[in-house]
Amino acid sequence: MTWVHRNYTKGFDGISRAEMLSAGLKQVSERFFTGEEFDLTSSAYAGFTVKEVSRGSSAEDVIINFKATIPSPYRIEKLKGSKRMGSLSYAFMAEQYLGGDIRASDPASIILIFTPDDETWIAGFLTEKEDSLVEKFKGITERTCVSMTLQAALAMVHLAPNEPIVDPCCGTGLLPLASLLLKKETYAADNNYKMLRMARINRDNLNLDIEMPHKNALSPWIEDCCLVSDFPAERSWMSNTVDISMKLFKTWIPHIKSFCVIFPNRVLDDLPDNLNITQKVEFTADRTIVIGTVHQPA
Ligand SMILES: C[S@@+](CC[C@H](N)C(=O)[O-])C[C@H]1O[C@@H](n2cnc3c(N)ncnc32)[C@H](O)[C@@H]1O
């Protein structure tokens, strides 16, 4: 069994949990999820994984029962809150029961001992998150939107139904670029040249290949995709104008197969009926990510 440790910041609880569940994991505690297989490198919110070797009712139990060949030298760590640290007392126990060469620096393997639910103790081999897509994504330089993080963009693509992805309001390009990093067929545009200039710089920094043309999202320009978008807010905060996000969404419905889009909570009651909504995920700034498919007339 694999244990996945979730690493998220305030406001991103909903989307990080949804990402873990969409990968087929089961939640065991606030931080820990379990499953058989997990792709750590492409995950937005997973911090590290542990391949379970033993379980028991105490740290000593799991060390005594640790029946596996341990690549040496190895390090023993424990988890306190969400922080990992070396443990001298567990290292002494491991030396006594397991032998091998224990060393704090440059180990060939790390054994983590933890209790995900404050009852069961687990020991297993820890895998660090290395060469991850989140790290690669940090190569972008142009950003305007503070509430859409790189992780949130990757997680939204993980949550999106499995059609090619289109973001007709791509701004600086976080969503389509996340989609390309995840090797999905992707289309993007925006109606603002300044945004497109930034999006293209980000694209080039990541060495990705996508056209980012100037187009008005109020005239849909592609069929049968999954709409993944962080819509623009309404034009005026002072007036009661029609919310542009719902207007854009309704314009695209006849042209898409599925969607994973962000709405302000106050417009959710206006969602049309001809939708099969599979998930609503709480997001930052009083917004919700709405995911589902469209029933197109035959
Ligand atoms: C909330 S921002 C998207 C931010 C984006 N996720 C990012 O990574 O920067 C909304 C975007 O919608 C664009 N937009 C507004 N009205 C549009 C329209 N009618 N057609 C296309 N894009 C539009 C804006 O230029 C802006 O870039």
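Visitor: Which residues of α5 and α6 meet?

Guide: In this predicted model, L150, A153, L154, M156 and V157 of α5 meet L174, L175, A178 and S179 of α6. By type, the residues of this contact are eight nonpolar, one polar and no charged.

Visitor: How is the packing of two helices described?

Guide: In general, one gives the angle between the two axes and the distance between them. Here the axes of α5 and α6 cross at roughly 60° and come within 8 Å. That angle makes α5 oblique to α6. As for the hand of the crossing, α5 passes α6 in a right-handed one.

Visitor: At what angle do α1 and α5 pack?

Guide: Helix α1, residues 13-22, packs against helix α5, residues 150-159, at an angle of about 40°. Their axes are 9 Å apart. The two helices are therefore oblique to each other, since the class called roughly parallel takes angles under 35 degrees. The crossing of α1 past α5 is left-handed, whereas that of α5 past α6 is right-handed.

Visitor: Which residues make the contact of α1 with α5?

Guide: On the α1 side they are I15, S16, A18, E19 and S22. On the α5 side they are A152, A155, H158 and L159. This contact divides into five nonpolar residues, three polar and one charged.

Visitor: How many residues surround the ligand, and which are the closest?

Guide: There are 19 residues around the ligand. The closest are C169, G171, L174, N192 and A217. One of these, L174, is also among the α6 residues that meet α5. By type, the shell around the ligand holds ten nonpolar residues, seven polar and two charged.

Visitor: Now the backbone. Is the peptide bond from S72 to P73 cis or trans?

Guide: The bond from S72 to P73 is cis, and its omega is near 0°. P73 sits in the loop between α2, residues 59-64, and β5, residues 74-80.

Visitor: What is the phi of K183?

Guide: K183 has a positive phi of about 65°, although K183 is not a glycine. To find K183 in the structure, look in the loop between α6, residues 174-181, and β10, residues 186-188.

Key. Residues numbered from 1 in each chain as written. Predicted model: local features only at pLDDT ≥ 70, side-chain atom pairs only at ≥ 80, totals over all residues. Near = placed C-beta within 6 Å. Nonpolar A, V, L, I, M, F, W, Y, C, P; charged D, E, K, R; others polar. Axes fitted to C-alpha atoms, helices over the stretch in contact; angles between N-to-C directions. Helix = DSSP H or I, 4+ residues; strand = E, 2+ residues; numbered from the N terminus. Parallel < 35°, antiparallel > 145°, perpendicular 65-115°, else oblique. Left-handed = near helix turned anticlockwise from the far one by under 90°. Contact = placed C-beta atoms within 7 Å.
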